[in-house]
Amino acid sequence: MLRLPKFKYLAPQSIEEACSLLRKHGGQVKILAGGTDLLPSMKQKLFTPEYVLDLKQVPGLDKIESGADDEMKIGSICTLRMLEESPVIQKYYPALSEAAGLVAATQVRNMGTIGGNIALETRCRYFNQSNVWRKSVDKCIKRGGNVCHVVRGAKRCYAYFAADTVPVLLAFKAMIRVRDSQGERQCHLKEMYTHEGKNPNTLKPTEVITSVNIPLPESESGSCYEKFRIRKAINYPSVGVAVNVIMDGDTCKDLKIVLGAVGSGPIEVTEAEKLLKGNRVTEEAIEKIGSMAQKAAQPVENADATPAYRRKMAGVYAKRALRKAISRAGVPFHK
């Protein structure tokens, strides 16, 4: 049986108190939002923090509400189940509802949060193992060693980023608000990711995510999230594809395609966006975009399916998601 290591529990009653505790204890704290990823990782002794800071008692972080400047504000400890079932999210951001609903099982979605999914650690079959198993091999780069067991001779970590909601949020051009004891900052969510497996995001130990803010969709827009996984439930994605399209009649006005789980960070298929923007959507164009998505994917041998198969599925699922997104925008595409 895997047991949690000993730690001291912190339960701040305000965001100010939370930031003060983070500053006081520096890098010895791990933030607990839903705990669905952190607690199993602690049992595996991937992390052994001296303190665990629980955000559940901080008011105002669990709301979905209209914000300023025509945007939707989602508090960082809103559960994935809330996003899955929210009528507002289903209406305006169907891809986000889909992505949240495809995470693990219902029990996990009842606890897991949007903030936790945004700050999710990268994964690798050589890292996400028990402490006993990891002692049987040389320390990998993610554990502070000099070896990558996946890419021989590599100088960086290739652990993959497997959050379901992040590709969708990037497709919606989401912003993120982060707070520390010095104040609050806002940035584009895409700026948070390093695309490096060992340290996948730019969050500092003294910072806490407070909300993610998404622009309200334009008319004639549609979105979709497609997920490929070996098991049909309780599994991280082997490939995730998010699409958000804005149409002007039968012409593509704007497009974002973002891949997940095929690299150390979310990957934007920018070549596909350039191809379709300002043009009519045809089956020929969709086929080309599938090939572009397949080329953009960068998987290595660190997940359930082979890299070649994951690349192929990136193309297949990109085409599938794009067709659905265009259909939801209410515009037929031309053969």
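This is a predicted model: local features need pLDDT of at least 70, side-chain atom pairs count only at pLDDT 80 or more; totals for chains, interfaces and linings use all residues.
**Cysteines**

I started with Cys187, which is buried at a relative accessible area of 12% (buried means under 20%, exposed over 50%, partly exposed in between, with a 1.4 Å probe and protein chains only). Residues are numbered from 1 along each chain as its sequence is written, and side-chain values use heavy atoms, with hydrogens and water left out.

I then searched the whole structure for disulfides and got zero (a disulfide being a pair of cysteine sulfur atoms within 2.5 Å). Cys140 is in no disulfide either; the nearest cysteine sulfur belongs to Cys157, 6.2 Å away. Cys140 also counts as buried, at 8% relative accessibility.

Next I looked at β3, residues 51–54. Helices (H or I, at least four residues) and strands (E, at least two) are DSSP runs, numbered from the N terminus. Which residues cover the two faces of β3? Tyr51 and Leu53 sit on one side, Val52 and Asp54 on the other, and all are buried.

I checked the pairing too (two strands pair if DSSP finds at least two bridges between them). β1 (residues 8–10) runs parallel to β3, with three bridges joining them, and Leu10 is opposite Leu53. β2 (residues 29–32) is also parallel to β3, over four bridges; there Leu32 has Asp54 as its bridge partner.

**The five-stranded sheet**

I wrote down the order of the open sheet of five strands as β4-β5-β8-β6-β7, with antiparallel pairing. At the edges are β4 (64–67) and β7 (183–188), each pairing on one side only. Neighbouring strands here are turned by 25 degrees against each other on average, direction ignored. Angles run from 0 to 180 degrees between N-to-C directions, and axes are lines fitted to C-alpha atoms, for helices over the stretch in contact. Inside the sheet, β6 (residues 175–180) and β8 (residues 208–215) are antiparallel over five bridges, and Val178 faces Ile209 of β8.

**The four-stranded sheet**

I found another open sheet, with four antiparallel strands ordered β9-β10-β11-β12. Its edge strands are β9 (221–228) and β12 (267–268), and each pairs on one side only. Eight bridges link β9 to β10 (residues 239–248) in the antiparallel sense, with Ser221 opposite Ile246. Helix α12 lies across β9, β10 and β11 (251–260), at about 150 degrees to β9.

**α11 against α12**

I finished with the helix pair. How do α11 and α12 cross? The axes of α11 (residues 283–296) and α12 (residues 307–328) come within 7 Å and cross at roughly 145 degrees. The crossing is right-handed (clockwise; left-handed if the near helix is turned anticlockwise from the far one by less than a right angle). On the α11 side the contact residues include Ile286, Ile289 and Ala293, and on the α12 side they include Ala314, Ala318 and Leu322 (contact means heavy atoms within 4.5 Å).
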